[in-house]
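Here are my notes on a few side chains and their surroundings. Please read them against the model.

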Amino acid sequence: MRELYLASELAKRPVVTLGGEAVAQIKDTVFDGGSARVAGFTLAGRGLFSGPLHRGLPWTGVHALGPDALMIPDADVLADRAAVASGAEAAAGLVHGTKVLTDRGVAVGTVLDVVVVSGRSGEVVGVKIASNEALGHHERDVYLALPGPVAMTGDTVLVPAEDTENLAADRVQLDHVVARLRAVETAGRGAEGAAGRGIESQRHDMRKGEEAEGAGGGEQGVMMVLTQLLGRVVVDAAGAARLGSVDGLVLDASHDPGRSHSRIAALRLRDAKTEDEVIAWAGIHAVGPDAVIVTADRPVSLGTADSPAASESQSLLGKRLLTDLGHDIGTLDDLTFDTGTGRVERLTSSRGEQLAGERLIGIGTYAMVVN
């Protein structure tokens, strides 16, 4: 019979060989964010005054995780502590306070603990979170089921928005929720996979159609202003890694036949390690109230942006506004766009004037030009 344990409960659990020798005790649990499983354990010596050991235990060396002890074949399975903890712990270890984000960019709570299955799998089936108002359980501790691998890093857990309905009040209820989800997934894996690929393909085709035809018929989102977007964290959907934060926009102000609105071509990122990188708008999965979720494999170099004026078009706020007749009408105070299509809906000037997005016809080093 399987049991569910909180990772915090595993600390100080004895590590016992099949020969009956207690060789260590668990200090910390290390998680592998790529597979949503336990990667291993850091260890401490036995006894009141025993400190951390220089050796760790990879999950591959575990015989079974039980309610009273962690069983291993023998002490030979212990490995260098750095090899067990370094990569997984730094890149994907779930810690207290890790933010839980949906793939729509909505923060739903923070991690309080991680739920692990007993036995030999090392599987993570859920997280205990301090929920917020986005879940309708503000300031309540709930369990969120993870029916399959999700993207995790040391500071972010990224879950599908629909999975936030899979809540439980305690571990017993969580076990039932996970079992039900697994049964549904097994029964409909083929059909669901085909449907998911179809939806993603339709979304991709829709965006390609917008770019080619300029019809503005993409999936409509909500209206957002540039000043709200600046500084918002940008997260990779595949690995939940934080790529940086939004530092500006690259606009495509060209007006092809049949296309009346300017659009966002890319987001510029501010990142401490890699400067001057942009994410093409086609790689944006969602612009949420708490994060921007991207599906692009890697940022596109700013130097390869299609627009010749891309480097200037990023610094939009405060840029001079000119009419096509040469009248100075102030500077850009803000810009409103559709988060679903990237279409520029409205420009706000420093003089308080509201200009329809279709009036923007050009962006250069000197000014933004409106007709």
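1. E345 counts as buried at 18% relative accessibility (buried is under 20% relative accessible area, exposed over 50%, partly exposed in between, with a 1.4 Å probe and protein chains only). Its salt-bridge partner is R343, with the closest N and O atoms 2.7 Å apart; a salt bridge puts a side-chain nitrogen of Lys or Arg within 4 Å of a carboxyl oxygen of Asp or Glu. R343 is partly exposed, at 22%.

2. The model is predicted: local features need pLDDT of at least 70 and side-chain atom pairs pLDDT 80 or more, while totals for chains, interfaces and linings use all residues. Residues are numbered from 1 along each chain as its sequence is written, and side-chain values use heavy atoms, leaving out hydrogens and water.

3. The structure holds ten salt bridges. R171 and E9 form one of them, at 2.9 Å from N to O. R171 lies in helix α3 (171-213) and E9 in helix α1 (7-10), so the bridge ties together parts 162 residues apart in sequence. Helices here are DSSP runs of H or I with at least four residues, and strands are runs of E with at least two, numbered from the N terminus.

4. R182 and E123 also meet in a salt bridge, at 2.6 Å from N to O. E123 sits in the loop between β10 (107-117) and β11 (124-131) and R182 in helix α3, so this pair links parts 59 residues apart in sequence. E123 is buried at 15%, whereas R182 is partly exposed at 22%.
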